[in-house]
Amino acid sequence: MAALSVMTGGGSWFLALALGVTLLKCLLIPTYHSTDFEVHRNWLAITHSLPISQWYYEATSEWTLDYPPFFAWFEYALSHVAKYFDQEMLNVHNLNYSSSRTLLFQRFSVIFTDALFVYAVHECCKCVDGKKACKELTEKPKFILSVLLLWNFGLLIVDHIHFQYNGFLFGLMLLSIARLFQKRHMEGAFLFAVLLHFKHIYLYVAPAYGIYLLRSYCFTANKPDGSIRWNSFSFVRLISLGLTVFLVSALSLGPFLALNQLPQVFSRLFPFKRGLCHAYWAPNFWAVYNALDKVLSVIGPRGFLRCLILCALSSFMFGWHVHEKAILLAILPMSLLSVGKAGDASIFLILSTTGHYSLFPLLFTAPELPIKILLMLLFTIYSISSLKTLFRKEKPLFNWMETFYLLGLGPLEVFCEFVFPFTSWKLKYPFIPLLLTSVYCAVGITYAWFKLYVSVFTDPPVGKTKKQ
């Protein structure tokens with residue numbers, strides 16, 4: 001992986017972590033895969049065998065192309081490698097085609113593109129405050145953050161068992177966050193604009209980016225009390241940001257504008273005819289999207305990151321047709337905050353534990369049961385123990401109520417997987433395990449969201465991040 005050579009200077013331990021998780025991903029190749037495997041195979045076939053004018057009209061399969069154009073071009077690029085593995089996977093009419101070579105290609109394509117995620121994690125580690133530096137490597141915030149991100153349980157099961165390409169997409173997001181922390185605002189804006197044209201779910205966090213860039217880049221000076229100096233506004237910087245977004249959008253949507261197909265593209269990207277809920281086990285509420293108010297209070301990169309997470313969590317809880325996997329949009333960036341303050345570590349542990357457990361129904365086949373339980377336990381135990389060690393001089397990360405709630409996930413799993421299947425309710429009420437998982441996890445995620453929201457009002461401002 002070419003990206004790894006860039007990071008050897010950051011310590012052999014990081015390279016070992018990256019190679020270790022890559023090996024684990026390779027071991028997961030033979031596991032169960034969901035219908036998303038066929039979705040992406042079909043998109044390979046569409047972009048390879050049809051002209052661009054038919055990409056967003058093709059409907060031979062029910063799994064039509066419904067991602068933005070950059071992702072379509074990404075599939076097009078992959079298809080030119082895929083043809084050397086198995087040409088038959090690129091036939092639009094070969095529905096549900098899955099040869100051993102097709103499996104290997106698609107699995108390895110996810111692993112290979114994760115190189116961008118690895119590089120992004122390395123860059124994010126440069127932004128970690130070094131005040132808590134310890135002699136022991138395993139107690140250093142950078143090491144803990146690297147494990148929390150590279151070995152994230154949710155990302156492992158969603159991408160490398162269930163099957164998706166979230167790794168390199170989250171890599172783009174984390175890299176854009178790192179660039180903002182490093183005061184490289186134009187790069188951060190460019191990367192996020194590109195990300196939006198790969199997958200439009202990231203529109204959820206666009207308000208945080210927009211307000212932060214306006215506040216920290218377009219306004220060039222502050223008053224002594226930290227408030228905005230209004231006469232410091234730079235129209236040149238605003239225009240440069242707008243031009244960056246415009247050019248990226250033009251590159252993505254321009255060909256379809258020329259073909260007079262933008263309405264068709266948007267109808268695929270925003271299918272409002274779908275129902276309110278994507279899946280009834282997604283642990284969320286529904287209401288009007290409302291996270292903009294606190295975005296206005298963004299001051300500094302960490303404030304931006306906190307509001308980004310609030311946008312992601314608010315959209316997950318109050319959004320329309322929410323995918324259960326969207327919880328990762330909040331968990332991964334929350335990892336960056338977790339190594340900075342004990343309060344954020346507590347929120348991260350509650351959110352990640354309940355959010356990750358809510359993904360269990362995605363892997364419903366028997367062979368994957370021990371895998372998901374073992375990986376979840378390993379990640380959760382490491383997360384709790386490492387963060388407790390990092391903040392051992394502060395108050396406990398959990399109170400008795402939070403501890404009781406998290407321990408309750410154990411009996412819930414035992415009932416859903418080992419008791420319920422042998423009851424008479426299985427045939428009459430097969431939805432009960434999913435319903436219980438959804439409701440129980442919704443309580444934890446709502447609590448984490450509320451606790452994070454309150455912290456915006458009550459926590460003192462965080463000092464400037466140490467520059468690397």
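Select Arg-41 and Glu-38 first: the two form a salt bridge whose closest N and O atoms are 2.8 Å apart. The model on display is a predicted one. Both residues belong to helix α3 (residues 35-49), and because they are 3 residues apart there, about one helical turn separates them. Arg-41 is buried, at a relative accessible area of 0%, and Glu-38 is buried as well, at 7%. In total, the structure holds 11 salt bridges.

Next, select Asp-344 and Arg-306, whose side chains meet in a salt bridge of 2.9 Å, N to O. Asp-344 lies in helix α17 (residues 342-357) and Arg-306 in helix α15 (residues 300-318), so this pair ties together parts that are 38 residues apart in sequence. Asp-344 is buried, with a relative accessible area of 1%; Arg-306 is buried too, with 8%.

Proceed to Lys-372 and Glu-417, a salt bridge with its closest N and O atoms 3.3 Å apart. Lys-372 is in helix α18 (residues 369-390) and Glu-417 in helix α20 (residues 409-419), so the pair ties together parts 45 residues apart in sequence. Here Lys-372 is buried, at 2% relative accessible area, whereas Glu-417 is partly exposed, at 27%.

For a network of salt bridges, select Glu-123, Lys-126, Arg-179, Arg-184 and Glu-187.

Beyond its neighbours within four places in sequence, Leu-406 contacts Ile-350, Thr-353, Thr-354 and Phe-398.

Finally, select Trp-425, Tyr-429, Phe-431, Leu-435 and Val-439, which make a nonpolar surface patch of about 460 Å². Val-439 lies in helix α22 (residues 432-458) and is partly exposed, at 48% relative accessibility.

Key
Residues numbered from 1 in each chain as written. Predicted model: local features only at pLDDT ≥ 70, side-chain atom pairs only at ≥ 80, totals over all residues. Heavy atoms only, no water. Patch = residues over 30% accessible without salt bridge, like charges linked within 9 Å, V, L, I, M, F, W, Y side chains within 5 Å. Areas by Shrake-Rupley, 256 points an atom, 1.4 Å probe, with all protein chains shown as cover. Salt bridge = Lys/Arg side-chain N within 4 Å of Asp/Glu carboxyl O. Helix = DSSP H or I, 4+ residues; strand = E, 2+ residues; numbered from the N terminus. Buried < 20%, exposed > 50% of the residue type's maximum accessible area, 1.4 Å probe, protein only. Contact = heavy atoms within 4.5 Å.
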